[in-house]
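Please read them alongside the structure shown here.

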Protein chains: 2
Amino acid sequence: MWLSRRFKFCPSCGAEVRYQVPADDNRERATCPSCASIHYENPINVVGTLPIWEGAGGGVQVLLCRRAIEPRLGKWTLPAGFLELGETTEQGALRETDEEAGAHIELGPLYGLMNVVKAGQIHLFYRARLLSTTFNPGPETLEARLFHEHELPWDEIAFHTVRDTLRHFFADWHAGQGFPLHCGDISY
Amino acid sequence: MWLSRRFKFCPSCGAEVRYQVPADDNRERATCPSCASIHYENPINVVGTLPIWEGAGGGVQVLLCRRAIEPRLGKWTLPAGFLELGETTEQGALRETDEEAGAHIELGPLYGLMNVVKAGQIHLFYRARLLSTTFNPGPETLEARLFHEHELPWDEIAFHTVRDTLRHFFADWHAGQGFPLHCGDISY
């Protein structure tokens, strides 16, 4: 079983923690022999958008950002990042789209929920309608631009969940039957 | 802005942390003046199920568990709990249904995704079909039983997200148009 051991010292009192199974539990946790506190580690959420521009001619383009930071520096991604305390998943997706692409969007429904178990992450992508084709990338982005399907840099996509979300979108687009939620697990 | 300050000491080296905005960031984080590590705090996920029993007569019942632990000891809830590292949201929902109710289910699609911002939580509920009406509640549950709609203990429901999920389910059931994903925010 995959288990993080991120805690060496107790964040409440600074004593060295032990990993052991607390009473009434069935998993090892970081437990403090000094103050008796137990520190849990859980998966965290990455939230982002799939920003779409529908041109006048019936075509469709998707906004991708080229990463200015590690991991995957130089690769293309959908705007996304870690959900913060104090915001909803929708607010986080909007914030990341603003921070990474400076894009003006109207948020749509949840479109992807993917478990990335080995990374301890859940990735959530919302569909979004671009209100403008003017972007203002932030410091985490080298470049933000629109791609037609035939232009997509499939070999230069930063993350599996981004690749899957793009594939689902264009498959749904061609099928013409709507955009249902896609749930999945990334097991590699 | 809602902000947790759970860290007093650095879990990597045990030194006292400071809350300050790191370079290239825009939020205060627990930063360690000794080893320079930064410790992030993010919302966590609660995963559970809405276990349904469809009787021979066309009626429907839902499985609730009466809590044997705080918070909300003695109140009724859907089987749910914190998602663990090393499992998918579906696996977590199945595990919690087994641990809390000892119920045999076939997991269905995601039915509810609710942000509980003040608690720093996201609650995810999957629809589930009960394969048996024999339950085996675990130590966190006083009692597990089926309820018809008219029997539901609305004033004794443990959590807002459980109440909303039950309301959505019976509304969808009566409408007869399927069970779409319900997303929402609990702001109180």
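1. In this predicted model, chain A contains an open sheet of 3 strands, arranged in the order S1-S2-S3 with antiparallel pairing. Its edges are strand S1 (18-20) and strand S3 (38-39) of chain A, each of which pairs on one side only.

2. Strand S2 of chain A, residues 29-31, is joined to S3(A) over 2 bridges in the antiparallel sense, and A:Ala30 is the residue that stands opposite A:His39 in S3(A).

3. Turning to the interface, the contact draws 42 residues from chain A and 42 residues from chain B, and the area buried between the two chains is about 3600 Å², with carbon and sulfur atoms giving 55% of that area. Within the area that chain A buries against chain B, A:Pro11, A:Glu84 and A:Leu85 supply 18%, which is more than any other three residues.

4. Between chain A and chain B the count of salt bridges is 6; one of the salt bridges brings together the side chains of B:Arg29 and A:Glu84, at 2.6 Å from N to O. Across this interface, 17 residue pairs are in polar contact, both residues being at pLDDT 80 or more.

5. As for the elements on the side of chain A that touches chain B, at least two residues each come from strand S4 (44-54), helix H1 (89-101), strand S8 (105-116), strand S9 (121-130) and strand S11 (182-186) of chain A, and H1(A) gives the most, with 4 residues. By class, that side of chain A has 19 nonpolar, 12 polar and 11 charged residues.

Methods: Residues numbered from 1 in each chain as written. Chains lettered and ligands numbered in written order. Predicted model: local features only at pLDDT ≥ 70, side-chain atom pairs only at ≥ 80, totals over all residues. Heavy atoms only, no water. Contact = heavy atoms within 4.5 Å. Buried area = accessible area lost by both parts, 1.4 Å probe. Salt bridge = Lys/Arg side-chain N within 4 Å of Asp/Glu carboxyl O. Polar contact = N/O pair within 3.5 Å; in protein donor to acceptor, adjacent residues only side chain to side chain. Nonpolar A, V, L, I, M, F, W, Y, C, P; charged D, E, K, R; others polar. Pairing = 2+ DSSP bridges.
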